[in-house]
Amino acid sequence: MRTVMYILTTIAVVGLAFWAYRENYATQQALSDADRLHANIRAAHARLAVLRAEWAFQNRPDRLRDLADLNFDRLGLLPLHPGQFGQVDQVAYPQPPSELLPITDPVDVSTMNYDALTGADESEEDFE
């Protein structure tokens, strides 16, 4: 009986060692994947910072003004003046629809709660 117990214990220890070995390598793989993702995220943030800097550099007002002056004949751009903007009361809002849907079966909701609180039921009154 002791021999069987020793064999089962040895098999259990070998099985647990194999399981721990696999879990160790799976954990190391997951950690390396996470590190790789973090590196990719850092690189994406760096690229984004460069793109934001380039966008800010390209959209400098003095540069855009020079480009507008350089291409004035081809683009036909004119400077903006305050008189070119409209007033709020000049905005044309869409008109509401002239034909509303007709109400064919109106419901009086002002007494619905009163009937529920007093216990009165209209269906019982109709059958009497």
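This is a predicted model: local features need pLDDT of at least 70, side-chain atom pairs count only at pLDDT 80 or more; totals for chains, interfaces and linings use all residues.
Visitor: How many helices and strands does the chain have?

Guide: The chain has five helices and zero strands, and read from the N terminus its elements run α-α-α-α-α.

Visitor: Where is confidence highest, and where is it lowest?

Guide: The score to read is pLDDT, the predictor's confidence in each residue, from 0 to 100. The chain has a mean pLDDT of 85, with 86% of its residues at 70 or more; helix 1 has the highest confidence, at a mean of 96, whereas helix 5 (residues 122-127) has the lowest, at 51.

Visitor: What share of the residues is buried?

Guide: Buried means under 20% relative accessible area, exposed over 50%, and partly exposed in between (1.4 Å probe, protein chains only). Of the 128 residues in this chain, 2% are buried. The chain exposes about 12800 Å², of which carbon and sulfur atoms supply 63%; such areas come from the Shrake-Rupley method with a 1.4 Å probe, and for residues only the protein chains shown count as cover.

Visitor: Which residues form the nonpolar patch on the surface?

Guide: A patch is made of residues with over 30% relative accessible area and no salt bridge, with like charges joined within 9 Å and nonpolar side chains (Val, Leu, Ile, Met, Phe, Trp, Tyr) within 5 Å. Here Phe72, Leu75, Leu77 and Leu78 form one, with about 400 Å² of accessible area together, and Phe72 is itself partly exposed at 38%.

Visitor: How many salt bridges does the structure hold, and which residue pairs with Arg36?

Guide: A salt bridge is a side-chain nitrogen of Lys or Arg within 4 Å of a carboxyl oxygen of Asp or Glu, and the structure holds two. In one, Arg36 pairs with Asp33, their closest N and O atoms being 2.4 Å apart; the two residues are about one helical turn apart, because they lie three residues apart in helix 1 (residues 2-58). Arg36 is partly exposed at 47%, as is Asp33 at 28%.

Visitor: What lies 3.5 Å from Asp62, and which ring does the charged end of Arg60 sit over?

Guide: Asp62 forms a salt bridge with Arg60, with 3.5 Å between the closest N and O atoms. A charge sits over a ring if NZ of Lys or CZ of Arg is within 6 Å of the ring centre and within 35 degrees of the ring normal; the charged end of Arg60 sits over the ring of Phe57, 4.1 Å from its centre.

Definitions and conventions:
Residues are numbered from 1 along each chain as its sequence is written. Side-chain values use heavy atoms; hydrogens and water are left out. Helices (H or I, at least four residues) and strands (E, at least two) are DSSP runs, numbered from the N terminus.
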